[in-house]
Each structure stands twice: as structure tokens, then as C-alpha cells.
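Please go through the model below with the text that follows.

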Amino acid sequence: MADPRFYDNSGPVVVGEICVLVGADPPADGGDGGRICDLATLECAGPAHATFCAGKDQLPALARTAAGICFVPAGLAIAEPPLLTQLVPVPSVLHAVAALARHLYPGHDRIVWDQASAIHPEAQLGTGVRLGPGVAIGPGVEIGAGSRIGANSVIGRGVTIGRDCDIGSNVSVGFAHIGDRVSILPGAQIGQPGFGFAASPRGHTRIPQLGRVIIQDDVEVGACTTVDRGALGDTVIGEGTKIDNLVQIGHNTIIGRHCVIVAQTGISGSCELGNFVVLGGQVGISDHVRIGDGARIAARGAATPGDLAGGEDYGGVPARPIRQWRRELAAVALLARRRKHNRDG
């Protein structure tokens with residue numbers, strides 16, 4: 001469900017119109033099928049929401065959903081269809097979601113606005129807020145006392161920034177709520193759209209990203225780091241986490257408290273990191289990976305889909321317990337020496 005501080009909803013829309021929009025069959029009873037006001041995940045959807053089930057792994061959540069309608073792949077076998085949800089078979093679930101999202105939120109990507117002055121009159125700035133030259137602040141923004149915004153930074157509509165924050169120069173913040181004492185270094189981009197596309201033989205269709213970024217208290221975000229907003233839910237960075245320069249954090253990723261993420265690390269979408277996780281330089285995390293509390297991944301390690309237990313050190317590609325990884329490296333080195341010895345001997 002999209003936050004109205006950031007997104008303007010043009011709904012409601014009747015189910016019959018949605019079916020035409022996404023290329024699906026109209027409601028079987030010939031009526032309009034009811035009204036839909038928004039998009040939501042399977043877990044969060046209510047009777048006025050549309051949702052989607054992309055495949056078999058989501059069938060348990062589909063059986064429990066309370067959504068008004070649900071896009072499902074045409075031909076998907078569903079043993080226990082939900083009692084109160086209309087299923088709408090479509091050729092491509094992601095294309096259907098993209099079409100409805102664009103219809104409900106035609107201005108979903110708008111971070112720059114039309115206003116007469118750089119500081120919108122509806123923005124609320126606390127006591128002692130300092131603004132550098134060239135700062136632009138949109139409508140509905142709230143900035144807490146003592147915070148500083150560096151030169152040429154852009155704070156988009158509806159953004160909230162807590163007390164005593166330090167936002168560097170050339171920073172863009174949109175679709176985000178930021179806590180107290182947060183430091184964002186120059187060039188960082190917060191709340192950009194996630195990398196979500198629906199592919200087809202005709203090309204790639206962007207899926208509107210309608211979520212937010214939540215940055216909790218005492219977080220530091222490094223220079224030229226990018227934190228993408230969620231697709232439907234939120235991207236969350238937990239209290240006290242420290243993020244180095246040139247880090248990419250994908251949409252819907254949840255990062256726990258007091259994590260350390262070193263430079264040039266890339267985290268794909270929908271990952272979950274526990275508390276006190278440490279990622280070394282140039283670590284890569286595939287989508288939907290879960291990493292437990294206190295886990296550490298050595299530089300240039302890569303976590304592939306699956307779970308990594310907490311309290312362990314990992315290394316290598318794919319990431320595995322670091323002692324195992326070191327033994328494997330030693331074994332390969334020994335084999336190479338033996339081969340060289342046999343060749344030269």
C-alpha cells in the first residue's frame with residue numbers, strides 16, 4: 001500500500017475495468033466485480049486491494065489473503081483458492097501489476113515538483129535547521145531541530161528528517177522517513193526506484209515502485225551510496241547501522257541494527273540481514289537471501305539464494321563457513337604445487 005505523503009492515488013477502479021486494463025477475462029457474473037483502491041502484498045491486502053501471486057511458492061500466502069482480487073499466472077494449479085478473493089488469471093503477473101500500478105499512480109516517480117521557490121511554503125523546518133546554497137525542499141517535508149542540509153541537495157515531497165541529522169551536499173532524498181542523528185554523506189541517493197522490470201519478447205516494462213525507505217536513528221550512509229525504495233513495502237535500515245561509500249541496497253531489503261556494510265557491496269532486493277551483520281568490501285548478496293544475527297562475510301564473498309546462519313564467519317563464492325573455505329583454498333594450492341612438481345620433476 002502506497003504512502004499518501006508520497007503518492008497520489010487516482011482510484012478507485014472497478015474490477016471489470018482492471019480486467020480490460022491487464023488483458024484478462026471480465027468477471028464471470030457480468031457485473032463490475034467491485035471496486036479496488038490500491039495494490040498490496042498478499043499478506044497485507046484487504047478487500048479493497050489488488051494483489052498478486054507469482055508462482056507456486058506463494059500459494060500458502062494466497063490461501064490466507066484477504067485481497068479483493070489477485071493476479072495469478074494463467075494455468076497455475078491452485079488446490080485451495082481463497083474464499084473471498086477473485087482470482088484473475090493473466091498471461092504475465094508482473095505486467096498486470098505494472099499496468100494497474102501505473103493506472104492508480106500516474107505520478108509515481110515524481111521527486112521534483114513545480115513550485116515558485118526552492119523551499120516550499122508547506123515545508124516545516126525545526127529550530128536551528130541550516131540549509132546550504134541551492135537546497136530544494138518539497139511540500140510536506142518535515143526537518144527536525146538542529147539538522148543540516150548541504151549544498152544542492154534535494155529533499156522530495158513528504159520526506160521526514162529527524163533531529164540533528166547531517167545531510168551532505170548533492171544528496172537526493174525522496175519517499176523516505178529518516179530518524180534522528182542520521183548522517184548521509186555527499187552524493188548519496190535515498191529513495192530511488194528499485195530495479196524492477198517485467199520482461200517479454202518485446203522488451204522490458206518498468207514496474208512502478210510504490211514503497212518507502214525507512215532509516216532509523218544513528219545510521220550513517222556513505223558517499224555515493226544508493227538505497228532503493230520498496231516496490232510495495234519498505235526498505236529498512238536499522239538503528240546504528242554504518243554503511244560505507246559506493247554501496248547498493250536493493251528494494252524491500254531489511255537491514256537490522258548495528259550492521260557494518262563496507263564499500264562496493266551490492267545487496268539485491270528483498271534480502272533480510274539480522275542485527276550486527278558485517279559485510280566486507282565488494283560482497284555480493286543475491287535476492288531473497290536471509291543472513292542471521294552476527295554473521296560476517298569476508299571481502300568479495302557472495303551469498304547465493306538461501307539462508308546463512310547467524311554467529312558464523314563466511315567467505316568465498318558461494319559463501320560458506322570460513323574454515324571450510326580456507327581448507328578448500330589450501331587444498332587447491334596443494335594440488336597446484338603437486339602438479340607443478342610432477343611437471344618439472
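The lining of the largest pocket is made up of 21 nonpolar, 13 polar and 7 charged residues; here Ala, Val, Leu, Ile, Met, Phe, Trp, Tyr, Cys and Pro count as nonpolar, Asp, Glu, Lys and Arg as charged, and the others, Gly among them, as polar. The model is a predicted one, in which local features need pLDDT of at least 70 and side-chain atom pairs count only at pLDDT 80 or more, while totals for chains, interfaces and linings use all residues. Residues are numbered from 1 along each chain as its sequence is written, and side-chain values use heavy atoms, with hydrogens and water left out.

The volume of the largest pocket is about 1300 Å³. A pocket is an open set of points on a 1 Å grid over the protein atoms alone, where a 1.4 Å probe fits, with protein on both sides within 12 Å along at least five of seven lines; lining residues have an atom within 4 Å of a point. Grid points are joined across faces, edges and corners, and the volume is the space filled by probe spheres set on them. Of the 41 lining residues, F52, Q58, N252, S270 and H288 are the closest to the centre. Helices α2 (59–64) and α3 each give at least two residues to this lining.

Helices (H or I, at least four residues) and strands (E, at least two) are DSSP runs, numbered from the N terminus. Helix α3 (residues 93–104) also lies across β3, β4, β5 and β6, at about 145° to β5. These strands form an open sheet in the order β3-β4-β5-β6, with parallel pairing; two strands pair if DSSP finds at least two bridges between them. β3 (38–39) and β6 (86–90) are the edge strands, each with a single partner, so one side of each has no neighbour in the sheet. Helix α1 (residues 15–22) packs on this sheet, touching β5 (69–73) and β6, and its direction makes about 25° with that of β5. Contact means heavy atoms within 4.5 Å; axes are lines fitted to C-alpha atoms, for helices over the stretch in contact, and angles run from 0 to 180 degrees between N-to-C directions.

A further open sheet has 9 strands in the order β9-β12-β15-β18-β23-β26-β29-β32-β35, with parallel pairing. Strand β32 (residues 284–285) pairs with β35 over 2 bridges, and G284 stands opposite A302 in β35.

The structure holds 5 aromatic pairs (rings of Phe, Tyr and Trp, its six-membered ring, with centres within 6.5 Å; planes under 30 degrees apart are stacked, over 60 edge-to-face, the rest tilted). F6 and F175 form an edge-to-face pair, 5.9 Å centre to centre with 65° between the planes.
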